[in-house]
Amino acid sequence: MSQKTKPKVAFFDFTSCEGCQLNKLNLENHLLDVLELVDIVEFREAMDGRADHYDIAFIEGSISTPTCVERINDIRRRSTILVAIGSCAVRGGVNAMKNLMPIDVVREAVYGKDKYLFPTLPAQPVSAVVKVDYEVDGCPMTTQEYLHVLTSLLMGKKPIKINHAVCVECKRNENECVFAKGMVCMGPVTRGGCDALCPGVGQYCVGCRGFVDQPEKNAALEIFRQHGLSMEEARKKMTMFNAFRWADR
Ligand code: SF4
Ligand code: SF4
């Protein structure tokens with residue numbers, strides 16, 4: 001592919017910790033290969049520069065201010081393909097926990113008497129505001145899944161979205177199940193694709209990648225019940241990354 005025909009790629013951050021963008025800069029062994037294949041035209045964390053059109057726009061962060069709404073609509077208009085990256089962009093992420101309280105209460109707690117200067121909104125995933133073509137989930141997103149999506153798009157293929165539970169990857173890696181260590185894990189109902197990163201280092205899964213499409217709900221509830229966890233407690237455990245799904249909107 002000649003220099004002139006390289007796809008124009010841009011990265012944008014909204015309400016987020018920018019951890020997913022940093023993960024991209026950690027591509028290390030792959031970074032030079034990626035730069036051979038694409039023309040990065042906007043990426044605030046790494047360069048100056050603007051462009052009018054993007055072949056692929058990667059979006060990090062949730063939409064949580066009126067300015068975010070305007071900006072994401074503008075980016076969508078100028079993008080051929082738009083990809084949400086990370087739990088904040090895909091499902092509202094940790095930011096959406098504030099949606100469980102009245103927005104005015106949240107504003108006052110954060111900004112005090114200056115709350116009227118900051119017209120924040122309940123946090124939303126990007127797909128609640130504009131059409132999202134593909135998603136790379138996780139907090140942060142994994143570099144291997146990001147590379148899969150990017151290379152698929154560059155080859156004109158549809159990226160594969162994993163739809164098995166984290167337990168599958170945990171078993172494949174021969175990890176010791178953390179239930180055996182007295183922890184309660186959300187892996188049985190959480191979408192895999194992270195290579196069971198947390199159970200792999202002896203930690204329980206907190207569900208940062210959301211639910212698989214058809215979770216084995218009854219089996220999971222039976223496991224939780226056997227370990228002394230009620231439906232309500234299981235729900236609370238999944239709230240950190242899935243509050244957008246449950247908050248009144
Ligand atoms: S998904 Fe996690 S790592 Fe990525 S921006 Fe949001 S909080 Fe940060
Ligand atoms: S540690 Fe969690 S993800 Fe791994 S097998 Fe046990 S329940 Fe499943």
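**Group meeting: a walk through the model**

Hi everyone, let me start with one pair of residues: valine 9 has isoleucine 40, in strand 2, as its bridge partner. Please keep in mind that this is a predicted model.

Zooming out from that pair, strand 1, residues 8-13, runs parallel to strand 2, and four bridges join them. Both belong to an open sheet of five strands, with parallel pairing and the order 2-1-3-4-5. At the edges you'll find strand 2 (39-43) and strand 5 (134-136), each of which pairs on one side only. On average, neighbouring strands in this sheet are turned by 25° against each other, ignoring direction.

Now, what lies across strand 3, strand 4 and strand 5? That's helix 6, residues 143-154, and the helix runs at about 155° to strand 5. For orientation on your screens, strand 3 covers 54-60 and strand 4 covers 79-85.

To the contact, domain 1 gives 17 residues and domain 2 gives twelve. The side of domain 1 that touches domain 2 has seven nonpolar, seven polar and three charged residues.

Last stop, ligand 2. Which residues are closest to ligand 2? Among the 13 that surround it, they are Cys167, Cys170, Cys177, Cys185 and Gly187. Helix 7, residues 166-172, provides the largest share of that shell, with three residues. By class, the shell has eleven nonpolar residues, two polar ones and no charged ones.

Methods. Residues numbered from 1 in each chain as written. Chains lettered and ligands numbered in written order. Predicted model: local features only at pLDDT ≥ 70, side-chain atom pairs only at ≥ 80, totals over all residues. Near = placed C-beta within 6 Å. Helix = DSSP H or I, 4+ residues; strand = E, 2+ residues; numbered from the N terminus. Nonpolar A, V, L, I, M, F, W, Y, C, P; charged D, E, K, R; others polar. Pairing = 2+ DSSP bridges. Axes fitted to C-alpha atoms, helices over the stretch in contact; angles between N-to-C directions. Contact = placed C-beta atoms within 7 Å.
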